[in-house]
Amino acid sequence: MNLTLKVWRQANAEAKGKIETYPIADVSPDMSFLEMMDVLNEQLIGQGIDPIAFDHDCREGICGMCSMFINGEAHGPDRLVTTCQLHMRKFKDGDTITIEPFRAQAFPVIKDLTVDRSAFDRVQQAGGFVSVNTSGNTQDANSIPIDKHDADKAFDAAACIGCGACVATCKNASAMLFVSAKVSQYALLPQGKVEATDRVMNMVKQMDEEGFGNCTNTGACEVECPKGISLENIARMNREYLYASLKG
Ligand code: SF4
Ligand code: FES
């Protein structure tokens with residue numbers, strides 16, 4: 001396949017960015033999107049052009065690093081996959097593909113397609129954990145019976161990889177799907193109930209301080225989430241928040 005790539009180039013956080021156009025030839029339909037980007041970067045290096053900066057790590061849908069907006073969609077046109085799992089067979093010869101960074105006030109561009117998503121880390125640090133006694137008296141997690149339905153729901157919520165596609169897709173740049181997945185994975189389990197009140201209050205406070213917008217129930221985040229995180233988690237987080245507020 002011969003393709004035309006229109007890629008956001010931005011030298012650093014302060015620089016003004018713009019779209020540059022690069023033709024690329026002989027792209028195999030079996031390549032992943034990131035492999036195609038690797039080939040483009042080899043081509044650019046050969047031409048003496050600065051290669052395109054983009055985030056990636058696991059390249060198997062686990063780490064959540066490969067944040068790209070492809071033809072106006074987070075992680076591209078496929079469903080329930082990350083950019084690294086997207087294959088070039090989803091495109092056809094002669095296509096023009098526009099590639100941009102995830103855009104949100106809370107995710108400032110560092111360079112080209114790389115954005116700073118440390119706001120997610122700070123939200124997680126505000127309460128996305130369970131404090132465990134590690135003195136040697138720790139209770140074996142398997143000794144606490146958990147309803148299968150709750151275990152499955154908690155596991156589904158824990159599938160969130162923190163990629164940020166929900167934020168980039170939302171017209172309000174809301175992080176509610178991400179935060180609600182992190183709240184839900186603990187709220188559903190007995191191990192998470194001890195710190196539940198502080199967790200939801202602190203994580204929502206941090207989310208607001210980071211500059212993410214509010215949720216207006218458009219549901220776009222759920223559609224673009226590569227891990228199928230359900231809006232049901234947002235409803236659960238709202239209930240948890242209300243309960244925690246009333247408690248005091
Ligand atoms: S909720 Fe989905 S889209 Fe949002 S960070 Fe988690 S995995 Fe990514
Ligand atoms: S590179 Fe890890 S999820 Fe894509």
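Predicted model: local features only at pLDDT ≥ 70, side-chain atom pairs only at ≥ 80, totals over all residues.

Colleague: Which residues of α5 meet α7, and of what classes are they?

Modeller: From α5 come Val179, Lys182, Val183, Tyr186 and Ala187. They meet Ala196, Arg199, Val200, Met203, Val204 and Met207 of α7. By class, this contact has nine nonpolar residues, two charged and no polar ones.

Colleague: And what makes a residue part of the shell around ligand 1?

Modeller: The C-beta atom, placed from the backbone, has to lie within 6 Å of the molecule. By that criterion 14 residues surround ligand 1, and the closest are Cys160, Cys163, Ala165, Cys166 and Cys225. Eleven of the shell residues are nonpolar, two are polar and one is charged.

Colleague: How do you know whether leucine 80 is buried or exposed?

Modeller: Leucine 80 has 12 other C-beta atoms within 10 Å. A residue with 12 or fewer is exposed, so leucine 80 is exposed. Leucine 80 sits in the loop between β4 and β5 (96-100).

Colleague: Then why is asparagine 71 called partly exposed?

Modeller: Asparagine 71 has 15 C-beta neighbours inside 10 Å. Exposed needs 12 or fewer and buried needs 20 or more, so asparagine 71 counts as partly exposed. Its place is in the loop between β3 (69-70) and β4 (73-74).

Colleague: What is there to say about phi in asparagine 71 and leucine 80?

Modeller: Phi of asparagine 71 is near 50 degrees, a positive value in a residue other than glycine. For leucine 80, also a residue other than glycine, phi is positive too, near 60 degrees.

Colleague: What makes cysteine 63 partly exposed?

Modeller: Around cysteine 63 there are 16 other C-beta atoms within 10 Å. That count lies between the limits of 12 and 20, so cysteine 63 is partly exposed. Cysteine 63 belongs to the loop between α1 (33-46) and β3. Leaving aside neighbours within four places in sequence, cysteine 63 is in contact with Asp57, Cys58 and Ile161.

Colleague: Where do the two domains lie, and how many residues does each bring to their contact?

Modeller: The domain assignment gives domain 1 (3-111) and domain 2 (118-247). On the side of domain 1 that touches domain 2, ten residues are nonpolar, six polar and two charged. The centres of the domains, taken over C-alpha atoms, are 29 Å apart.

Colleague: And how many helices and strands does the protein have?

Modeller: The protein has nine helices and seven strands. Of its 248 residues, 37% are buried.

Key:
Residues numbered from 1 in each chain as written. Chains lettered and ligands numbered in written order. Domains from an automatic or database assignment. Nonpolar A, V, L, I, M, F, W, Y, C, P; charged D, E, K, R; others polar. Helix = DSSP H or I, 4+ residues; strand = E, 2+ residues; numbered from the N terminus. Contact = placed C-beta atoms within 7 Å.
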